[in-house]
Amino acid sequence: MEETILNYIHTKELIEDTLQFASEQNKDHQELVGTLKSLESENYVVLTQLEKKGWNLTQEGQNYVENGTPEYRIFQLIKQGGQVTKDSLTTELGAQANIGIQNGMKKKWFQFDGSQLKTQVESVVDEDKQQLDQIVKGNQDLPKKDLDTLKKRQLIQQFSLKYYKVVKGSSFSLQRVKKATDLTADMIAKGTWKDAQFKPYNYHALGKEIQTGNLHPLLKVRSQFRTVLIEMGFSEMPTNNFVESSFWNFDTLFQPQQHPARDAHDTFFLSDPAQCKVVDQEYWNRVKEMHEKGGHGSIGWKYNWSEEEAKKNILRTHTTATSSKMLYRLAKETQEHGFKPKKWFSIDRVFRNENLDATHLAEFHQVEGLVVDRKLGLAHLKGIIAEFFRKIGIKQLRFKPAYNPYTEPSMEIFGFHPLLNRWVEIGNSGVFRPEMLKPMGLPDDVSVVAWGLSLERPTMIQYGVANIRELIGSKVNIKYVKENPIVCYQSK
């Protein structure tokens, strides 16, 4: 087909109508267009798209061409004599009987005389059929009024045909030369590259889409937070256990066993295994004594501490349970090798028995940092918090006194967020109480300052997500995870 096209254009200078050309050459028009577009891509030809509009007969229109319009057939039945009633026409013409009666009466060809139809004129011409015959013969130039009538009766429908005008291109020749797509070692060795024609590279073409995994927005923000904390000299704590005992999650933090946070409506309790084992009974006893009687200047909580309650296994409600374990191990190391200051952080999942809504989930991620050193106080804590938030782009901070069972003093952290242009609560903080640290065996002059925040809240702000369930959970759009932008925190 390619040779036929090029020879025809060489002789005639152009192809005026590809539809007509395809018909003359007995070729499929779509196949012809495909070949022409291939030639156009290498500038052998230039295509101009054109359009033809016309009318085709519907199935009902074809029926009228073959048998005449229903009103004409009714008129002929009346002229043949005999009784012509609506019932007899329904038997003869079926569903077309009503159409024929309405149109015939409208044209004043016949009318009812009682139950029978009688003619009003001697003869009629079936003009609608004649117009349909004209369209079948290729005459599309009927008066608009007639076309509107046929269209209203649903006897014709409009069609649109796209075709092309073809002229010579800048690279036109009678034979297409296959262009090389790559410069090969063989072409260089033989020198054939000098005379070869190369296909131009399309540097704007997209490469093949590779199906890969994609980082969730939470993982992106987590990675940035982790980098910031490591830059500040913090080491990451091992937080790869979601199940904790109530002892490490609550009791070691000097949180009383009657505290509302330890109820089933706030915490997920495990049924199997329901309880943990006691590893260091002496430490358990010291924790028990601190809860019941106090010590080191504290009066404790003044209640009967239950070991059975402390053994209950739960899904951890915060990563501070891991912080408590790390401090316990540090106390053991201090007794053997002396004290060394530490800076730890963790970013991991925690679980709360929450009512689910646009801002709360039953599981979320907690970011936590703590510093262990001698004679630390509130000023050190505020300085560390200010540096961390400065590195993620929040420079203006406010602190509000708060209450936590295991820190004193405690502070809520508020920051002026540049994206929201308002003050928002961004975390909690405090100095760990002596009642938590002394049973572990840490030196009296060692203090621990700590702060924490959720990972979801800053991620939602940075990515403009209003409903937390669209960020994590069953309502997450996988396409959004794949196409979400890179969001970077600016410290400057």
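Gln335 counts as exposed, at 54% relative accessibility, where exposed means over 50% relative accessible area, buried under 20% and partly exposed in between, with a 1.4 Å probe and protein chains only. The model is predicted, so that local features need pLDDT of at least 70 and side-chain atom pairs count only at pLDDT 80 or more, whereas totals for chains, interfaces and linings use all residues. Residues are numbered from 1 along each chain as its sequence is written, and side-chain values use heavy atoms, with hydrogens and water left out.

Gln335 belongs to helix H15 (residues 320–337); helices (H or I, at least four residues) and strands (E, at least two) are DSSP runs, numbered from the N terminus. Apart from neighbours within four places in sequence, Gln335 is in contact with Met440 and Gly441, contact meaning heavy atoms within 4.5 Å. Gln335 and Gly441 are separated by 106 residues in sequence, yet their C-alpha atoms lie 8.0 Å apart in space.

Seven strands form an open sheet with mixed pairing, in the order E6-E9-E10-E14-E13-E12-E11. The edges are taken by E6 and strand E11 (397–404), each of which has a single partner strand, so one side of each is left without a neighbour in the sheet. Two strands are taken to pair if DSSP finds at least two bridges between them. Strands of a sheet pair through backbone hydrogen bonds, either parallel or antiparallel. Strand E6 (residues 235–236) pairs with E9 in the parallel sense over two bridges, and Glu236 has Phe345 of E9 as its bridge partner. E9 and E10, by contrast, pair in the antiparallel sense over 10 bridges, with Lys342 opposite Val372 in E10. Seven of the 10 residues of strand E9 (residues 342–351) are buried, so this strand is largely enclosed by the rest of the structure.

His365 lies in strand E10 (residues 363–374) and is buried, with a relative accessible area of 11%. Beyond neighbours within four places in sequence, the contacts of His365 are Leu218, Asp348, Arg349, Leu453, Ser454, Leu455, Glu456 and Ile472. With Glu456, the side chain of His365 makes a side-chain polar contact at 2.7 Å. A polar contact is a pair of N or O atoms within 3.5 Å; within protein, one must be able to donate a hydrogen and the other to accept it, and residues adjacent in sequence count only if both atoms are side-chain atoms. His365 and Gly383 are 18 residues apart in sequence and 24 Å apart in space, C-alpha to C-alpha.

Glu456 is also one of the buried residues of H18, together with Pro458, Thr459, Met460, Ile461, Gln462 and Tyr463. Seven of the eight residues of helix H18 (residues 456–463) are buried, so the helix is largely enclosed by the rest of the structure. The cover over these buried residues includes helix H11 (217–231), E10, strand E12 (407–417), strand E14 (446–454) and helix H19 (478–483). H18 is followed by Gly464, which has a positive phi near 65 degrees.

A further open sheet consists of three strands in the order E1-E5-E2, with antiparallel pairing. Its edge strands are strand E1 (14–15) and strand E2 (45–57), each pairing on one side only. On a 1 Å grid over the protein atoms alone, a pocket is an open set of points where a 1.4 Å probe fits, with protein on both sides within 12 Å along at least five of seven lines, and lining residues have an atom within 4 Å of a point. Of the 13 residues that line this pocket, Asn103, Lys107, Asp128, Thr149 and Arg153 are the closest to its centre. At least two lining residues are supplied by each of helix H7 (96–106), helix H8 (127–136) and helix H9 (144–152), and the largest share, four residues, comes from H9. The lining divides into two nonpolar, three polar and eight charged residues; Asp, Glu, Lys and Arg count as charged, Ala, Val, Leu, Ile, Met, Phe, Trp, Tyr, Cys and Pro as nonpolar, and the others, Gly among them, as polar.

Gln131 is placed in helix H8 and is buried, with a relative accessible area of 12%. Not counting residues up to four places away in sequence, Gln131 touches Leu142, Asp146 and Leu150.
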